Amino acid sequence: MTKKKLYVETYGCQMNVVDSEVVVAILQQQDYEVTDRMDKADLILVNTCSIRENAEQKVNQRIREFGRQKKKNVNLVVGVIGCMAELLKDRLLEEERSVDLVIGPDAYRQLPELLQEVDNGQKGINTILSLEETYADVSPVRLDKNHVSSFVSIMRGCNNFCAYCVVPFTRGRERSRDPETIEREVRELYEKGYREVTLLGQNVNSYHWEEAAPGAVKHSGNQSFGNEKDNKKNPAVLHFEDLLERIASIAPDLRIRFATSHPKDLSDRLLQTMAKHPNLCRSIHLPVQSGSTAVLKRMKRGYTRKMYEERVRSIRKYLPEATISTDIITGFCGETEEEHRETLDLMKWAGFDFAYMFKYSERPGTYAAKKYVDDVPDTVKRRRLNEIIQLQGEMSLESKKQDAGKEFEVLAEGPSKKSPDDLVGRTSQNKVVVFGANGLKPGHYVHVRVTGCTSATLFGEVIG
Ligand code: 5AD
Ligand code: SF4
């Protein structure tokens with residue numbers, strides 16, 4: 001029997017990348033195989049993101065394109081999955097006639113039944129969020145191209161309710177995944193030849209797992225996180241640091257990264273754990289969002305500028321060679337010129353190696369949408385965004401220039417886009433390095449001396 005063809009397009013964060021891989025695993029059981037040709041597909045799924053308005057606009061255009069495809073192939077089934085499905089179910093069903101399936105991030109196991117409903121001439125809809133679903137037992141079908149680095153989801157959802165953020169509404173409450181299944185998945189990746197794994201969660205520092213007594217219910221929530229005493233009372237409680245220790249011990253030549261850390265939860269114990277294991281990569285993504293304590297308070301981030309600075313000092317103390325990257329939102333409700341300057345000032349102080357920078361975009365249902373006025377004019381948001389992008393560019397260049405002449409261990413990931421004779425890899429600090437291939441292959445570790453740079457890339461020569 002010929003298999004049905006599935007075409008998947010993924011937008012948004014790395015979490016969505018893994019979710020698409022979970023969806024492919026579920027559909028392979030239903031005799032689907034992946035195609036990269038939209039025009040050959042029997043089923044098109046678009047895994048969507050709602051974090052900012054422009055992410056949604058991009059997907060809306062694609063949905064129209066899939067609608068045109070449907071005119072050419074009347075049997076084609078089109079599904080919208082992920083965060084937009086969760087948030088915009090009613091609009092999608094009313095306005096987008098070509099959409100047959102609308103499935104939220106916790107309902108992918110229902111895909112076979114929902115496809116059956118479409119076969120029966122109905123729409124397949126499930127946007128119910130779960131308190132438990134982690135797809136722990138599903139082995140994602142890897143869709144990456146290089147087979148060197150991969151993502152592993154360790155928790156889902158978020159309980160933080162930052163004022164601007166839609167994630168707690170689209171992905172539901174926080175829950176952690178069974179560590180046994182995480183370890184098994186990482187081991188399997190290593191055995192397949194992968195040499196780098198990024199552990200993913202909206203707030204990995206609050207990973208929390210309690211082994212249940214026989215017959216009792218397991219707790220994957222975060223009821224007692226941060227309470228060190230709790231750990232002593234109950235040795236079966238596993239925190240993020242403990243999980244990292246376990247994963248780092250799988251193989252010394254398997255690099256481990258993780259994202260995303262929340263400044264209010266990044267503990268010294270975590271930094272000490274990292275310092276003990278050279279394969280825990282020396283780069284920390286620590287979103288600051290703003291350099292102004294007043295803005296952070298309006299954002300409900302749970303820390304002050306001083307507390308953030310204190311976390312940066314701790315990173316420098318325990319991991320002096322680590323780079324720090326961040327996320328910044330500019331033009332949040334009520335942001336004054338002075339508050340904007342505080343962000344620029346903090347950026348200079350922290351010396352971020354890299355930053356994702358965004359204009360504030362009001363999201364439906366969030367605290368900010370309900371309680372604040374989105375009062376910074378778009379022209380001002382744009383100008384401030386340009387200022388932070390410009391400053392970050394200068395700092396990224398400075399950070400790369402400091403590496404001139406230094407030697408790094410680089411994990412080769414794949415061919416360079418610009419030259420077939422070069423490979424691209426990354427240092428433990430997450431800096432991209434281009435170097436001569438010299439018969440080396442993706443997945444190899446190589447020692448490289450830095451000979452030049454741009455703000456985004458190091459250039460180097462292989463040594464030894
Ligand atoms: N507007 C702009 N940026 C946002 N982010 C989250 N919500 C919004 C929003 N409403 C950014 C934050 C977060 C990153 C993933 O996206 O910086 O860390
Ligand atoms: Fe959104 Fe804040 Fe949760 Fe990050 S920590 S996903 S910004 S609510």
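Reader: By class, how many nonpolar, polar and charged residues does the shell around ligand 2 have?

Author: This is a predicted model. In it, the shell around ligand 2 has seven nonpolar, three polar and one charged residues.

Reader: Which residues surround ligand 2?

Author: The stretch from C158 onward supplies C158, N160, F161, C162, Y164, C165, V167 and P168. Q202, H262 and R301 are also part of the surroundings of ligand 2.

Reader: How do I read a salt bridge, and how many salt bridges does the count come to?

Author: Side chains of opposite charge can pair when their charged atoms come close. Here the count comes to 48 salt bridges. One of them is formed by D100 and K70, whose closest N and O atoms are 2.7 Å apart. This pair links distant parts of the chain, 30 residues apart. D100 lies in the loop between helix 3 (83-95) and strand 5 (101-103), whereas K70 belongs to helix 2 (residues 53-72).

Reader: Are D100 and K70 buried or exposed?

Author: Both D100 and K70 are buried.

Reader: Why does R177 count as buried?

Author: Buried means under 20% relative accessible area. R177 counts as buried because its relative accessibility is 4%. The side chain of R177 meets that of E185 in a salt bridge, at 2.7 Å from N to O. E185 has a relative accessible area of 7%, so E185 is buried.

Reader: Which residue forms a salt bridge with E245, and where do the two lie?

Author: E245 forms a salt bridge with K276, and their closest N and O atoms are 3.2 Å apart. E245 is in helix 8 (residues 240-248) and K276 in helix 9 (residues 268-276), so the pair links distant parts of the chain, 31 residues apart. With a relative accessible area of 28%, E245 is partly exposed. K276 is exposed, at 56%.

Reader: Which residues are linked in a network of salt bridges?

Author: D19, D106, R156, R171 and R175 are linked in such a network.

Reader: Now a helix. Which residues are buried in helix 4 (residues 111-119)?

Author: L111, L114, L115 and V118 are buried there. They cover an arc of only 100° around the axis, so they are on the same side of helix 4.

Reader: What covers the buried residues of helix 4?

Author: The cover includes helix 1 (14-28), strand 2 (32-34), strand 3 (43-48), strand 4 (77-82), strand 5 and strand 6 (124-126).

Reader: Which residue takes a positive phi just after helix 4?

Author: G121 does, with a phi of about 90°.

Definitions and conventions: Residues numbered from 1 in each chain as written. Chains lettered and ligands numbered in written order. Predicted model: local features only at pLDDT ≥ 70, side-chain atom pairs only at ≥ 80, totals over all residues. Heavy atoms only, no water. Near = heavy atom within 4 Å. Nonpolar A, V, L, I, M, F, W, Y, C, P; charged D, E, K, R; others polar. Salt bridge = Lys/Arg side-chain N within 4 Å of Asp/Glu carboxyl O. Helix = DSSP H or I, 4+ residues; strand = E, 2+ residues; numbered from the N terminus. Buried < 20%, exposed > 50% of the residue type's maximum accessible area, 1.4 Å probe, protein only. Arc of directions from axis to C-beta. Contact = heavy atoms within 4.5 Å.
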